[in-house]
Amino acid sequence: MKVTRTVIVLAILLYVFLWVLALNGANSLVAPLLIPLVLAVLVAVGVALNRYMGITPRKQHFEDHDHDHESDE
């Protein structure tokens, strides 16, 4: 958990640093930096809309792969 939190903080710091570079003259970085920001906003709006409408999230379904499968011969 500590490593995950550290990596997330470092990624955010790198993202902010790249925005500082973009705003100080590296204009070619603006478009690629906007993509993750736009995607994050779209996901957040979708989740908020689902909660507002009262739609419960789907439960994940995992298949049990422990049993042996007979191959078609």
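The protein contains 2 helices and 0 strands. The model is a predicted one. The chain has 73 residues, and 4% of the residues count as buried. The accessible surface comes to about 7300 Å². Carbon and sulfur atoms account for 67% of that surface.

The packing of the two helices was examined next. Two packed helices are described by the angle between their axes and by the distance between the axes. Helix 1 spans residues 2-23, and helix 2 spans residues 30-53. The two helices pack at an angle of about 145 degrees. Their axes lie 10 Å apart. The crossing of helix 1 past helix 2 is left-handed. On the side of helix 1, Tyr15, Leu18, Trp19 and Ala22 make the contact. Helix 2 contributes Val30, Leu33, Leu34, Pro36 and Leu37.

Pro36 belongs to this contact and lies in helix 2. Tyr15, a contact residue of helix 1, stands 21 residues from Pro36 along the chain. The C-alpha atoms of Pro36 and Tyr15 are separated by 9.9 Å. Pro36 has a relative accessibility of 42%. This value falls between the limits of 20% and 50%, so Pro36 counts as partly exposed.

Helix 2 also holds Ile35. The relative accessible area of Ile35 is 52%. Exposed means over 50%, and Ile35 is therefore classed as exposed.

Ile35 is one of the residues in a nonpolar patch on the surface.

Technical notes:
Residues numbered from 1 in each chain as written. Predicted model: local features only at pLDDT ≥ 70, side-chain atom pairs only at ≥ 80, totals over all residues. Heavy atoms only, no water. Patch = residues over 30% accessible without salt bridge, like charges linked within 9 Å, V, L, I, M, F, W, Y side chains within 5 Å. Areas by Shrake-Rupley, 256 points an atom, 1.4 Å probe, with all protein chains shown as cover. Salt bridge = Lys/Arg side-chain N within 4 Å of Asp/Glu carboxyl O. Helix = DSSP H or I, 4+ residues; strand = E, 2+ residues; numbered from the N terminus. Buried < 20%, exposed > 50% of the residue type's maximum accessible area, 1.4 Å probe, protein only. Axes fitted to C-alpha atoms, helices over the stretch in contact; angles between N-to-C directions. Left-handed = near helix turned anticlockwise from the far one by under 90°. Contact = heavy atoms within 4.5 Å.
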